[in-house]
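Please keep the sequence and the structure in view while reading.

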Amino acid sequence: MARRVAVIGAGSSGLTCIKCCLEEGLEPVCFESSDDIGGLWRFKEIPEPERSSTYRSLVTNTSKEMMCFSDLPMPAHFPNFMHNSQLLQYLQLYAAHFNLLQHIHFQTTVLSVKQSPDFACSGQWEVLTEDRDGLKKIHIFDAVLVCTGHYTKPVMPLKDFPGFETFKGEYCHSSEYKDPEPYKGKKVVVVGIGNSGADIAVELSRVAKKIYRAYYFPGVSSTGSARGS
């Protein structure tokens, strides 16, 4: 009997883990809390709690030749730097090509993972899940692969900004940002100098009255600004 492996999450890592398990003669069972594959690369108009999110205009900053899996090249007609919808399409092509969808249980949330009572002898794990109807079930697996990503909990260090309590404007984390229209004609501060901060600041500069960039490091503060067009 094949050893059973739980795969938690059906994003890019989850899909490749399913395929690798099949190649090794294992029996993968994937649990995906949403209703489709793709993880981070599935654009949602409204961000979902505890789930990675992207914004409407996001384009990858790594070429398709570097991002593709070694066992399935990107479609030739895809641009070198892809819109997020094209990367999702590639993941869908990957899942279909290797017949992975049959191993995925959608709208099924993993509530807990713990060692089975006889773990010292069996090395097995108890995985508690809950489906869309609220039905809970305990599964026994020989191994567990956690493929849930690491961008699910936004960091909002508001306590590091003295006087924030009196701020009367709007604020949000980049995980909630979808498009620039709500910021049209406004003065906006973008905190952070990473990829998302730079990308969003450039996009906002086309519609906002003025954009300020704030470089946030604990204990260090400096700012810059850019006039919107």
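## A nonpolar surface patch

Phe161, Val189, Val191 and Tyr212 form a nonpolar patch on the surface, with about 320 Å² of accessible area together. Patches consist of residues with over 30% relative accessible area and no salt bridge, where nonpolar side chains (Val, Leu, Ile, Met, Phe, Trp, Tyr) are joined within 5 Å and like charges within 9 Å; the areas come from the Shrake-Rupley method with a 1.4 Å probe, and for residues only the protein chains shown count as cover. Valine 191 belongs to strand β8, residues 187-191, and is partly exposed at a relative accessible area of 46%, where buried means under 20%, exposed over 50% and partly exposed in between (1.4 Å probe, protein chains only).

## Basis of the model

This is a predicted model, in which local features need pLDDT of at least 70 and side-chain atom pairs count only at pLDDT 80 or more, while totals for chains, interfaces and linings use all residues. Residues are numbered from 1 along each chain as its sequence is written, and side-chain values use heavy atoms, with hydrogens and water left out.

The protein has five helices and 10 strands, taken as DSSP runs numbered from the N terminus (helices H or I, at least four residues; strands E, at least two). Buried residues make up 34% of the 229 residues.

## Positive phi angles

Most residues other than glycine have a negative phi. Asparagine 99, in the loop between α3 (84-97) and β3 (104-106), has a positive phi near 55°, and glutamine 107, in the loop between β3 and β4 (109-115), has a positive phi near 50°. Asparagine 99 is partly exposed at 46% relative accessibility, and glutamine 107 is partly exposed at 30%.

## Salt bridges

A salt bridge requires a side-chain nitrogen of Lys or Arg within 4 Å of a carboxyl oxygen of Asp or Glu, and by this rule the count comes to eight. One of them joins lysine 19 and glutamate 23 at 2.3 Å, N to O; these residues are four apart in helix α1 (residues 12-23), and therefore separated by about one helical turn. Lysine 19 is buried at 9% relative accessible area, whereas glutamate 23 is exposed at 52%, and a network of salt bridges links Lys19, Glu23 and Asp71.

Aspartate 179 and arginine 56 form another salt bridge, at 3.2 Å, N to O. Aspartate 179 lies in the loop between β7 (143-146) and β8, and arginine 56 in the loop between β2 (27-32) and α2 (64-67), so the pair ties together parts that are 123 residues apart in sequence.
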